[in-house]
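This briefing covers helix packing, nonpolar cores and selected residues. Please keep the sequence and the structure in view while reading.

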Amino acid sequence: MRNQKGYNKQHKVTETNTRIKELNSIKTLIAKNSYGKANAELIRYMERYPNDMFGLFLYGKLQYKYKELKGAKEAFSRVAQSDSNNKYSAMCVLGNIAVDENDYDTARMYYKKAITESPVLEVFAILGWSRMERRIKNVDAALEVLSLRPSNEPRIKLEKVKCLYLQDRLDEARKLLDTISHDTQDDFFNRSVILEYARLEKIEGTYESAIKYVEQAKQGPKDFVYIQALYEETKLNIKYGNFKKALELCQELMTMEHPYGDEVFLMRGIIYQGLRQIEKATSDYQIATSSEDLNIKGTASFHLGNIMFAKGEFQTAEKLLVDSLEVYGEHFVSGYFKLVSLYIKQERYDEAEILINELVEQFKEIKDDISYVLAKRVLDNKRGRKSTDVPYSYVERQIISYDKEFAITHINSRHKDGYDGKTIFTTNKSARQLYEYALSQMTEDNMIYEDIMDVYSIEYPNVGKTPAGQPLNHFRVVAIPGTKDIITMYPCEDYFLPRKKIINNKRNQNK
């Protein structure tokens with residue numbers, strides 16, 4: 001009997017060792033990216049050991065890798081309902097799958113169950129739950145999750161840093177980040193910490209420091225940290241107008257499996273617009289306007305709406321600008337003013353005033369904004385209303401009561417005689433002669449729709465120069481809407497959005 005027990009025990013140990021050896025062999029195949037062979041081996045393994053939860057867990061991971069969510073959920077659910085040591089890890093992955101499916105309540109249920117029932121600190125469940133809340137803008141909730149099981153675990157502290165700077169608590173974020181070592185044996189984690197320094201520097205507006213940290217974070221394999229660093233480097237170069245470099249980085253990012261979805265098309269659209277490649281920008285913006293992410297859709301709609309507005313395609317522009325207001329983002333107020341400008345161009349004054357009043361209801365302080373002041377002045381002028389407010393700017397006074405001589409004097413003093421930081425007319429023509437010439441060129445073909453005022457871009461060789469002395473071959477004319485009452489003129493580069501005549505020429509060439 002004793003020998004039988006010993007035999008059974010030895011047999012069990014041998015079987016366990018065999019299973020471990022087989023599983024390690026499958027893990028090696030996965031590490032070598034031989035997923036098809038690993039999957040076939042796993043299926044055979046599970047036929048021999050149907051109750052092995054570690055094999056079933058690994059099978060679930062492979063199904064998840066292949067985006068076979070139904071098979072993955074079935075595997076992880078069985079593990080989560082078992083008495084195996086990895087049941088809480090399975091709950092965490094089920095939470096991650098629920099996040100992928102935008103089922104946040106189910107995700108919370110799995111994460112909470114893992115965190116509260118497990119006898120050990122379930123770091124990945126805490127991180128998964130907090131990241132989910134942070135990414136859907138529930139930053140307070142994300143911080144609450146991190147406090148459920150207080151810990152000095154470095155990955156949890158790093159997640160807290162990300163939450164703090166989203167709340168503009170930059171000093172707290174930096175102090176906490178300084179307590180996290182980035183000189184451990186885990187190179188992936190070390191580079192993740194360095195990348196957070198880059199993000200903080202970006203927020204604080206220190207480009208050189210941010211780039212330095214990004215470059216450090218990119219040192220290593222082209223893994224997820226590399227992809228994140230590439231994304232941050234692209235955004236940084238967009239922010240500082242380094243569009244050629246940004247395009248190189250964005251194109252590389254688009255060759256990789258990244259988590260940024262349609263945002264990469266939005267980013268590339270902004271880059272192409274910065275490079276004045278408007279057709280390419282338009283194409284990318286159109287893709288981004290179909291995004292399920294409202295922030296991406298709203299921002300892309302705003303930018304594409306501006307392009308359509310500039311081209312005079314008012315109906316398309318209106319729809320896009322209205323779409324941009326579905327979400328409150330950095331361009332929300334600008335979207336309102338663009339729509340106001342569009343309605344004024346179309347003499348839809350009632351709708352323009354409704355929008356202005358809506359804006360004031362939401363933001364009382366908007367009454368001090370120059371765009372609001374000018375919109376009100378223009379609407380009062382168009383309606384024949386007398387304003388009791390005293391005009392405090394040159395433009396306001398001209399809108400209320402236009403004075404041609406005042407305009408010529410203004411142009412002469414700002415752009416003919418020279419003015420700090422302004423472009424200068426260098427032609428022999430006087431400001432008065434240029435004014436008269438501009439009147440003859442204020443046609444629809446030369447018009448650009450960019451704000452409340454009527455704007456024209458007029459070609460004129462060697463008309464002026466930049467403050468740095470570079471020659472300019474165009475000048476901009478700004479007039480009161482629906483009139484030829486010129487408020488100002490100044491030499492400039494050719495506008496990056498095409499004028500009507502350029503659009504028409506391209507259409508004729510394509511016929």
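Which residues does alanine 75 touch, not counting residues up to four places away in sequence? Alanine 75 touches Leu56, Tyr59 and Gly60, where contact means heavy atoms within 4.5 Å. This is a predicted model, in which local features need pLDDT of at least 70 and side-chain atom pairs count only at pLDDT 80 or more, whereas totals for chains, interfaces and linings use all residues. Residues are numbered from 1 along each chain as its sequence is written, and side-chain values use heavy atoms, with hydrogens and water left out.

**Alanine 75**

- Alanine 75 lies in helix H4 (residues 69–80); helices (H or I, at least four residues) and strands (E, at least two) are DSSP runs, numbered from the N terminus.
- Alanine 75 is buried at a relative accessible area of 3% (buried means under 20%, exposed over 50% and partly exposed in between, with a 1.4 Å probe and protein chains only).

- Two packed helices are described by the angle between their axes and the distance between the axes. Axes are lines fitted to C-alpha atoms, for helices over the stretch in contact, and angles run from 0 to 180 degrees between N-to-C directions.
- Helix H5 (residues 87–100) packs against helix H6 (residues 104–117) at about 160°, with the axes 8 Å apart.
- H5 and H6 are therefore roughly antiparallel (angles over 145 degrees; under 35 is roughly parallel, 65 to 115 roughly perpendicular and the rest oblique).
- H5 passes H6 in a left-handed crossing, meaning that the near helix is turned anticlockwise from the far one by less than a right angle, clockwise being right-handed.
- The H5 side of this contact includes Tyr88, Met91 and Leu94, and the H6 side includes Tyr104, Ala107 and Tyr111. By class, the residues of the contact are 11 nonpolar, three polar and two charged (Ala, Val, Leu, Ile, Met, Phe, Trp, Tyr, Cys and Pro count as nonpolar, Asp, Glu, Lys and Arg as charged, and the others, Gly among them, as polar).
- The axes of H6 and helix H7 (residues 123–135) come within 9 Å and cross at roughly 150°. H6 and H7 are therefore roughly antiparallel, and their crossing is left-handed.
- Residues meeting between H6 and H7 include Arg108 and Ile115 in H6, and Trp129 and Met132 in H7. This contact has nine nonpolar, one polar and three charged residues.

**Nonpolar cores**

- The largest nonpolar core has 83 residues, and Ile344, Phe475, Val477, Ile486 and Met489 have the most contacts inside it. A nonpolar core is a set of buried Ala, Val, Leu, Ile, Met, Phe, Trp, Tyr and Cys residues joined through side-chain atoms within 4.5 Å.
- Helix H19 (residues 332–345) supplies the largest share of this core, eight residues.
- A second, separate core of 43 residues includes Met53, Ala107, Ile115 and Leu127.

**Other residues**

- Glutamate 196, in helix H11 (residues 187–203), is buried with a relative accessible area of 1%. Leaving out residues up to four places away in sequence, glutamate 196 touches Leu158, Lys162, Tyr165 and Leu177.
- Glutamate 347 is in the loop between H19 and helix H20 (349–362) and counts as exposed at 59% relative accessibility. Glutamate 347 has a positive phi of about 60°, although it is not a glycine.
- Asparagine 462 lies in strand S3 (residues 454–465), and its phi is also positive, near 50°.
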